[in-house]
Amino acid sequence: MNLHEYQARDLFRKAGIKMPEGDVATTPSEAEAVARTLGGKVVVKAQVHAGGRGKAGGVKLAATPSEAAGHAEKILGMVIKDLVVGKVLIVPAAEITSEAYVGMILDRESQRPVLMVSASGGVDIEEVAATSPEKISRLAIDPRYGLLPHQAMALGFALYEDVGQVRAAAKIMTQLYGVFMDNGATLTEINPLVTTPTGEVLALDAKITLDDNILERRPDLATLRDETAEAPSEVEARRAGLTFIKLEGNVGCVVNGAGLAMATMDLVKYYGGEPANFLDIGGSSNPDKVVTALRIITRDPSVKAILFNIFGGITRTDDVANGIVGALEQFKVEVPIVIRLTGTNEQEAIRILEDVGMTALNGMDEAVEQVVARAKEAA
Amino acid sequence: MSILVDAQTRLVVQGITGRDGSFHTAQMLEYGTVVCAGVTPGKGGQRFADRVPIFNTMADAVAQTQANTAVIYVPPAFAAGAIAEAADAGVGLVVCITEGIPTVDLLRILPFVRERGARLLGPNCPGLISPGSAKVGIIPGNICLPGRVGVVSRSGTLTYEVVNHLTREGVGQSTCVGIGGDPIIGTNFIDCLAAFQADDATDAIVMIGEIGGTDEQQAAEFVASHVTKPVIGFIAGQTAPKGRRMGHAGAIISGSSGTAAEKMASFEANGISVMERPVDVVSLVRERLGETPRHSTADQASQRTS
């Protein structure tokens with residue numbers, strides 16, 4: 001789960017990371033009030049889960065509180081990469097003498113959190129990594145001991161010459177590691193970490209991605225989820241315990257298991273169709289999940305045919321069949337449904353479907369070919 | 001023979017009295033796995049299905065039953081603790097089925113597990129099965145067939161799909177291993193490839209990967225340098241969009257890396273035959289076993305494919 005900058009700032013500041021003052025606003029008048037409190041020039045920043053905010057016009061400098069209000073007026077409601085901006089962050093415009101990058105990511109290869117720092121900050125770090133990887137210093141941290149003082153200092157010296165600034169940066173790195181481990185993050189990032197004309201080291205931006213698996217344990221973090229930043233169908237699916245991702249095609253897919261769901265989408269494409277979604281009903285045997293899945297998919301007008309691909313293991317195929325029959329009793333499905341099921345209790349499942357005049361196929365290829373053909377007929 | 005589990009496996013089930021634990025323990029017993037103990041704190045002294053003794057702690061279970069393998073069905077909040085307890089009790093293999101364990105828990109626990117000399121499989125995995133001798137986890141036993149093809153996969157039901165194709169065509173398996181879909185896992189492709197390479201009862205290896213990370217690329221390089229047996233590969237997620245987590249926590253294309261195209265190209269460049277569809281597994285395995293294996297005689301090869 002991605003946090004907004006203002007939410008990440010709160011967690012950073014709680015951990016003691018030095019950041020400029022600032023506050024969030026949802027209306028132009030609130031923005032004006034925040035700018036007045038801060039005094040001087042401010043920056044108005046769109047709070048949205050999309051990169052390239054600046055290029056899209058979502059970050060503006062304001063010399064006065066009324067100018068801040070004017071910028072907020074334009075930015076609030078702006079659409080950046082399909083997402084509507086509902087909040088702006090107002091922070092003082094800092095004078096900057098240098099920009100560095102400090103980030104912590106979960107590294108699959110070393111199976112450790114890895115701290116990455118670069119004196120070339122303020123730009124897309126992936127680009128730096130691609131074009132001049134030598135400008136990035138990395139350190140895999142052993143979670144048994146944490147980030148040791150000398151390690152942080154060594155990375156500080158990779159950024160600055162002044163020992164005061166090195167110490168300040170080392171402290172921020174240690175705090176950033178703390179935020180990562182204490183909140184179950186998969187990414188904590190400051191870009192840029194700046195120095196000011198007075199020599200201060202400050203974090204000007206804040207980015208945190210949380211591990212979704214931590215949210216059950218941490219309701220305080222779970223409340224930070226911004227459901228307005230997600231497609232409503234994806235929110236509904238998550239609440240029902242499904243994983244749903246909307247795609248561009250017209251073949252709706254309901255599958256058990258993430259790997260099989262991806263392979264099903266790929267096979268739809270292989271046979272000349274386009275998947276309308278990724279949908280994993282998971283390993284449970286709850287017919288209600290199937291009802292919700294079908295409701296979400298049928299609501300999408302671009303869906304011309306629906307495929308069920310169920311390989312019963314923990315999932316009982318008769319439960320899925322009951323879910324399909326139950327859903328059809330509750331609401332009308334206008335598009336053709338092709339069902340493939342095999343595995344646990346498949347004889348029972350086939351009987352349940354045949355009782356209502358439906359049939360089930362046994363093979364995945366056969367089912368996918370059929371659903372692609374049905375979608376083409378209907379399109 | 002087989003890898004990781006066999007007829008010598010003596011299994012202890014952590015969370016044996018829970019909903020998932022009890023259901024799958026019954027399945028494992030039915031398959032013939034030696035389930036010698038269960039652990040549920042507070043239920044020590046009871047028995048599961050009138051036969052499997054339940055203990056309060058892993059230390060007691062291992063001391064009294066000489067269990068050498070553990071399987072975990074406890075809820076995510078307690079799973080990392082259960083992994084550590086199993087490793088501390090001295091079992092060699094710990095299989096964690098539980099899905100939804102916070103990654104930071106694993107980061108903290110993995111070094112401990114390795115210090116104790118244990119191997120973790122998973123978490124968030126279907127476990128493994130050596131058809132005909134032992135099933136540890138949740139892979140349905142009826143879709144497997146004893147034989148000489150090793151299967152290793154990041155997925156659950158997709159593995160069943162592929163294994164089912166093999167079995168229907170009479171191509172049996174030595175061991176099928178699900179390594180799990182999380183970004184941090186205890187056993188990776190390379191560990192399994194090395195084990196299959198060393199296993200006399202395995203002639204070919206099927207590797208099922210997916211988008212996200214670079215494990216498949218590293219595995220492909222390992223195949224080129226260390227594996228003489230034929231390897232057939234599949235990558236799920238060719239149609240997956242960038243930046244979206246496709247169900248599995250580890251299945252996400254970040255930036256330009258982790259795409260299916262990149263992984264398939266890496267497979268091909270390193271001598272791994274790539275399946276376009278799961279159904280292609282049978283013809284590719286047969287085709288590759290038809291060649292003269294670099295480690296074996298042509299005579300044996302022809303016997304296998306007959």
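**Note on a predicted two-chain model**

1. In chain A, Pro28(A), Ser29(A), Ala31(A), Glu32(A), Ala35(A) and Arg36(A) of α2(A) are in contact with Pro65(A), Ser66(A), Ala68(A), Ala69(A), Ala72(A) and Glu73(A) of α3(A), where contact means that the C-beta atoms of two residues, placed from the backbone, lie within 7 Å. By class, this contact of α2(A) with α3(A) has seven nonpolar, two polar and three charged residues; Ala, Val, Leu, Ile, Met, Phe, Trp, Tyr, Cys and Pro count as nonpolar, Asp, Glu, Lys and Arg as charged, and the others, Gly among them, as polar.

2. The model is predicted, so that local features need pLDDT of at least 70 and side-chain atom pairs count only at pLDDT 80 or more, while totals for chains, interfaces and linings use all residues. Residues are numbered from 1 along each chain as its sequence is written, and chains are lettered from A and ligands numbered from 1 in the order in which they are written.

3. The axes of α2(A) (residues 28-38) and α3(A) (residues 65-75) come within 8 Å and cross at roughly 145°, the axes being lines fitted to C-alpha atoms over the stretch in contact, with angles from 0 to 180 degrees between N-to-C directions. Helices (H or I, at least four residues) and strands (E, at least two) are DSSP runs, numbered from the N terminus.

4. For chain A as a whole, the secondary structure comes to 13 helices and 17 strands, and the C-alpha trace spans about 80 × 50 × 40 Å along its principal axes. Of the 379 residues in chain A, 48% are buried, that is, have 20 or more other C-beta atoms, placed from the backbone, within 10 Å of their own.

5. Between the chains, the contact takes 43 residues from chain B and 42 residues from chain A. On the side of chain B that touches chain A, the elements giving two or more residues are α3 (76-89), α4 (103-115) and α5 (157-168) of chain B, and α4(B) gives the most, with six residues. By class, that side of chain B has 22 nonpolar, 14 polar and seven charged residues.

6. In chain B, Leu11(B) and Val13(B) point one way from β1(B) (residues 11-14), whereas Val12(B) and Gln14(B) point the other way, and all are buried. Strand β1(B) pairs in the parallel sense with β5(B) (residues 69-72) over four bridges, pairing requiring at least two DSSP bridges, and Gln14(B) stands opposite Ile72(B). Four bridges also join β1(B) to β2(B) (residues 35-39), again in parallel, with Ala37(B) as the bridge partner of Val12(B).

How values were computed
Buried ≥ 20, exposed ≤ 12 C-beta atoms within 10 Å, placed from the backbone.
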